[in-house]
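Here is a protein model to work through by question and answer. Look it over before reading on.

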Amino acid sequence: MAGRRRTGALALLLAAVGWATASCAWPGGGPDTPGSHPAPRDPASDRIGALFLGSADGPRMCTASVVSSPRHNLLVTAAHCVETLDRGREEGLVFAPGFRDGRTPHGVWPLTGITVDEHWTDSEDPEYDVAFLTVADVDGQEIEDVLGGNRLGTGRGFGLPVSVTGYPNDSEEPITCTTRTASQSPTQESFRCTGYSVGTSGSPWLTEDGSVVGVIGGYQQGGYEDEVSYSVTFDDRVAALYRRATA
């Protein structure tokens with residue numbers, strides 16, 4: 001069931017045989033697990049959007065968000081959203097920030113570059129399930145100049161209060177949840193909240209000061225069920241990848 005959080009051949013196969021993700025017998029949340037709710041319409045939510053294949057009318061793949069960068073043209077998402085061993089690198093992806101109800105209030109931004117670590121490219125090592133994406137300008141404007149960007153936060157540790165906003169494929173608006181990170185391992189972290197199903201891979205984990213400290217992905221490519229989600233710990237590995245993407 002790897003890759004549950006992005007649209008792909010495996011998800012289509014499971015649907016064809018009648019399997020539902022929630023029916024898998026994986027340890028997950030319980031009565032104390034918070035629930036997600038529709039994200040507000042505000043500048044912070046508008047920096048988050050859906051990745052589509054081809055156009056905003058094409059298949060919805062994952063979630064991504066604007067991250068501050070020297071050239072003001074950078075997004076962050078999960079590596080498995082944009083490159084896999086079986087499919088190779090996805091071509092023709094576009095980003096629709098603030099997507100709701102089939103509308104693209106801030107336009108559609110074509111991807112021009114993808115930066116992933118060689119550990120992911122060679123073997124889909126879950127310790128490197130992060131990607132930085134560059135997007136073309138639209139009407140002469142860079143995306144960060146239009147929407148602002150979240151700071152990259154590395155080395156922040158575990159136990160952080162975060163808000164996580166993403167785009168489940170079965171919803172026409174984003175969901176969000178405020179929760180707290182926990183250690184899955186020294187290099188992976190988790191949070192508990194219901195509703196983070198297919199399409200939410202790449203959703204940013206934002207601290208109160210507007211830093212992105214994780215994206216849904218990593219262990220189990222984000223999680224086998226929608227109540228517990230994972231991320232690579234944003235540490236020196238992610239900082240090094242960011243430097244490559246912005247060089």
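The questions below cover the disulfides and the nonpolar cores of this predicted model.

Q: How many disulfides does the model hold?
A: A pair counts when the two cysteine sulfur atoms lie within 2.5 Å. C62 and C81 qualify, with sulfurs 2.2 Å apart. C177 and C193 qualify as well, at 2.1 Å from S to S. The count is two.

Q: Which parts of the chain does the C62 and C81 pair link?
A: The two cysteines are 19 residues apart, and the pair links distant parts of the chain. C81 lies in the loop between β4 (74-77) and β5 (83-84). C62 is in strand β3 (residues 60-67). The link therefore runs from strand β3 to the β4-β5 loop.

Q: What is the handedness of the C62 and C81 disulfide?
A: Look at the torsion about the S-S bond of C62 and C81. It is about -90 degrees, so this disulfide is left-handed.

Q: Is C62 buried or exposed?
A: Buried means under 20% relative accessible area. C62 has a relative accessible area of 1%.

Q: Where does C193 sit, and which strand holds its partner C177?
A: C177 and C193 are 16 residues apart and link distant parts of the chain. C193 is in the loop between β14 (188-192) and β15 (204-206). C177 is in strand β12 (residues 175-180).

Q: Which hand does the link of C177 and C193 have?
A: Both cysteines count as buried, C177 at 2% relative accessibility and C193 at 0%. The angle about their S-S bond is 105 degrees. The link is right-handed.

Q: Which element gives the most residues to the largest nonpolar core?
A: The largest core has 23 residues, and L51, L75 and F95 are among those with the most contacts inside it. β3, β7 (93-97), β8 (109-115), β9 (131-135) and α4 (143-147) each supply at least two. Four residues come from the top contributor, β3.

Q: Which residues does L111 contact, leaving aside neighbours within four places in sequence?
A: L111 is among the residues with the most contacts inside the largest core. Its contacts beyond those neighbours are L51, L93, V94, F95, L133, T134 and V135.

Q: How many residues are in the second core?
A: This core is separate. L74, V76, Y167 and F234 are included in it. The count is 21 residues.

Notes: Residues numbered from 1 in each chain as written. Predicted model: local features only at pLDDT ≥ 70, side-chain atom pairs only at ≥ 80, totals over all residues. Heavy atoms only, no water. Buried < 20%, exposed > 50% of the residue type's maximum accessible area, 1.4 Å probe, protein only. Core = buried A, V, L, I, M, F, W, Y, C linked by side-chain atoms within 4.5 Å. Contact = heavy atoms within 4.5 Å.
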